[in-house]
Amino acid sequence: MALDLPVTRPLHLEATRPVKAHGASKSTSSPFVTTSRVSAALALAGLARQCGVLRRATAVKKKGVRVVEGKEIPWNLFSPKAPYKGSTVSKETITSKTPLVNWETCHVIMDHGGKVPYIEGQSIGIIAPGPDKKGETPAKIRLYSIASSAPGDDEKNNTVSLVVKRVVEVAGRGWCEYSNVEKGKDPEFPDAAKVYRGVCSSHICDLNAGDDVLITGPTGAEMLLPEDPEANMIFMATGTGIAPFRSHLRNLFHDRVSKGKFKGVAWLFLGVPFSQSLLYDEEWKEMQAEYPDQFRYDYAVSSEEKSEKNKINGEMWVQHKMMQYADDLWELVKDPKTHVYMCGLKGMESGFAECFQERVEAEGMVYAEFLKKMKKDKRYHVEVY
Ligand SMILES: Cc1cc2nc3c(=O)[nH]c(=O)nc-3n(C[C@H](O)[C@H](O)[C@H](O)COP(=O)(O)OP(=O)(O)OC[C@H]3O[C@@H](n4cnc5c(N)ncnc54)[C@H](O)[C@@H]3O)c2cc1C
Ligand SMILES: NC(=O)c1ccc[n+]([C@@H]2O[C@H](COP(=O)([O-])OP(=O)(O)OC[C@H]3O[C@@H](n4cnc5c(N)ncnc54)[C@H](OP(=O)(O)O)[C@@H]3O)[C@@H](O)[C@H]2O)c1
């Protein structure tokens, strides 16, 4: 297989990316600078820096901002006790029916009126009305990785999008220990002995345009993009773990304010159970067509493709798809400019090890040490559970 992605690039770039690429050239276009609360927080952080106490500024815990690797990012502008009341712009089911009871995944766009700025790779919290698992109302917050880039899907800096899988558990149709639907009363599974419907995912997937939605955050610094425009990215996602990568990829290859600045390569691997469960397939194909030398997309559809490398259930998972391109990927992984990201199921971490451990050892290194160095270099980003 010929890989047309340059691993090292002789490109000469004038400047490194500022705080975030999307806000680099047009400061007014960045939602990060549009709210007074954030501006005030950032102004305070700026003052602290002038005083030479930038690191201590973090310790002081200024409201609404956090310093991460010397850069200020929005942070918990809204708390669970005082969430932001946004409104639903749209909700769309983006998967189609499969034999699984939890087949449905929704793309939801929420209007935050410019009050909840965020950067790519962060998460927000959603508070559902409840009742929660123990009957409490409203429910406790659930975190969701943001699936839009900072300007939002319409690039007007007012919206945040999520990709949410509706949690549905039905006795006799897979794992189902708990029940929060009265027996016989579930509209879809009236005959089931037990049905559990996820509290917050149901709330989100049931939203209609105009409905209120309580938002907290933003939060999260693990999945941020590197600042170097020449960095390479390997994105590994299972299911809704695609969220932060949609956020990143729109920043890199789609949005007017940031498109064209990225000079590295990005390679997305997505794992889903059925082809009906593929997420944003068309978006990736469009990006690929526009940036064939910089963006690559491969997917693993576990129920439709086998892999003899999968010793657990013989199905094709993301790591086994990656093994098909292991030579090219290994060159990328070794490149100090390459960042590896994983989001979704926990098993991906050992999947990554399965892919590269032998190659690491073949080059005389110890895998644990190699990983430690990747982590130290901040080029190994994992958000799984
Ligand atoms: C950083 C982060 C990012 C995330 N991003 C996304 C995302 O982008 N998209 C997405 O879809 N999800 C995401 N999640 C998961 C999300 O936060 C929720 O966990 C998910 O939507 C399920 O929430 P729920 O309220 O619908 O389910 P819940 O109602 O919380 O149910 C969850 C599980 O708890 C079980 N349960 C019920 N009652 C009990 C009980 N009494 N004791 C023990 N267990 C019980 C249920 O059987 C079910 O399996 C993310 C999570 C994190 C931490
Ligand atoms: N930021 C975050 O932390 C974050 C963000 C979003 C989502 N999530 C979480 O990520 C998970 C995604 O689940 P989902 O229901 O959306 O996914 P899904 O649509 O069910 O897809 C999961 C895919 O991964 C495969 N898989 C199973 N075990 C695997 C392993 N060990 N290694 C690699 N692939 C494996 C599955 O194959 P089989 O068909 O063979 O099982 C399936 O193809 C959820 O737990 C979600 O809450 C976390």
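Q: In which sense do β4 and β7 pair, and over how many bridges?
A: In this predicted model, Val108 stands opposite Leu162 in β7. The pairing of β4 with β7 is antiparallel, and the number of bridges is seven.

Q: Which strands stand at the edges of the open sheet of six strands, each with a single partner strand?
A: The order in this sheet is β6-β5-β10-β3-β4-β7, with antiparallel pairing. A strand with a single partner has one side left without a neighbour in the sheet, so the strands at the edges are β6 (142-145) and β7 (159-165).

Q: By what angle are neighbouring strands of the sheet β6-β5-β10-β3-β4-β7 turned against each other on average?
A: The sheet is open and has six strands. With direction ignored, the average angle between neighbours is 40°.

Q: Which residue of β4 is the bridge partner of Ser87?
A: Strand β3 (residues 84-93) pairs with strand β4 (residues 105-111) over six bridges, in the antiparallel sense. Glu92 stands opposite His107 in β4. For Ser87, the bridge partner in β4 is Asp111.

Q: How many of the seven residues of β4 are buried?
A: Buried means under 20% relative accessible area. β4 is largely enclosed by the rest of the structure, because the number of its seven residues that are buried is six.

Q: Which residue of β13 is the bridge partner of Phe269?
A: β12 and strand β13 (residues 295-301) pair in the parallel sense over seven bridges. Together with helix α5 (residues 281-290), they make a right-handed β-α-β unit. The partner of Phe269 in β13 is Asp298.

Q: How many charged residues are in the lining of the second largest pocket?
A: This pocket holds about 480 Å³ of space and is lined by 22 residues. β2 (71-75) and β15 (380-384) each supply at least two of the lining residues. By class, 11 are nonpolar and two polar, and the number of charged residues is nine.

Key:
Residues numbered from 1 in each chain as written. Chains lettered and ligands numbered in written order. Predicted model: local features only at pLDDT ≥ 70, side-chain atom pairs only at ≥ 80, totals over all residues. Heavy atoms only, no water. Pairing = 2+ DSSP bridges. Helix = DSSP H or I, 4+ residues; strand = E, 2+ residues; numbered from the N terminus. Axes fitted to C-alpha atoms, helices over the stretch in contact; angles between N-to-C directions. Buried < 20%, exposed > 50% of the residue type's maximum accessible area, 1.4 Å probe, protein only. 1 Å grid on protein atoms, 1.4 Å probe; cavity = no way out; pocket = protein on both sides within 12 Å on 5 of 7 lines; lining within 4 Å. Points joined across faces, edges and corners; volume = space filled by probe spheres on them. Nonpolar A, V, L, I, M, F, W, Y, C, P; charged D, E, K, R; others polar. Right-handed = clockwise from strand over helix to strand, strands pointing away.
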